[in-house]
Amino acid sequence: MASLGAPVRVSPLIKFGRWAALLTGIVYGSSHFKTLQARENIIREEEGKKAVIRNEQLAIEKQKLNREGMIYLAQQANVKVPPNF
């Protein structure tokens, strides 16, 4: 196996450039995350409002289907359905 020579000393300018790029990436990532998080919070609030409305509509539809099912069962069992049911 070939032996590797002594490591070459890295220029301070290259070291500075690497650290600057790393810190710039961290700052950019943090700011970009904050903007995306703000958008997502707005979307989640809107979806929460829509979910409440959708759940109410589903509950009303479920009640309606339950009532129709009970009337059907009553008719099949020859039971008179009260007029206010």
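**A salt bridge, a nonpolar patch and a positive phi**

In this predicted model, Arg44 and Glu40 pair up through their side chains in a salt bridge, at 3.5 Å from N to O; the term covers a side-chain nitrogen of Lys or Arg within 4 Å of a carboxyl oxygen of Asp or Glu. That makes one salt bridge in the structure. Both Arg44 and Glu40 sit in helix 1, four residues apart, or about one turn of the helix. Helices here are DSSP runs of H or I with at least four residues, numbered from the N terminus. Arg44 counts as exposed because its relative accessibility is 55%, while Glu40, at 35%, is partly exposed (buried is under 20% relative accessible area, exposed over 50%, partly exposed in between; 1.4 Å probe, protein chains only).

Helix 1 spans residues 12-76 and also carries Trp19. Together with Leu22, Leu23 and Ile26, Trp19 makes a nonpolar surface patch of about 450 Å². Such a patch joins nonpolar side chains (Val, Leu, Ile, Met, Phe, Trp, Tyr) within 5 Å, from residues with over 30% relative accessible area and no salt bridge; areas are Shrake-Rupley values with a 1.4 Å probe. Trp19 itself is exposed, at 57% relative accessibility.

Past the helix, in the segment after helix 1, comes Asn78. Asn78 isn't a glycine, yet its phi is positive, about 55°. Most residues other than glycine have a negative phi. Asn78 is exposed too, with a relative accessible area of 72%.

As the model is predicted, local features need pLDDT of at least 70 and side-chain atom pairs count only at pLDDT 80 or more, while totals for chains, interfaces and linings use all residues. Residues are numbered from 1 along each chain as its sequence is written, and side-chain values use heavy atoms, with hydrogens and water left out.

Notes. Patches are made of residues with over 30% relative accessible area and no salt bridge: like charges are joined within 9 Å, nonpolar side chains (Val, Leu, Ile, Met, Phe, Trp, Tyr) within 5 Å. Helices (H or I, at least four residues) and strands (E, at least two) are DSSP runs, numbered from the N terminus.
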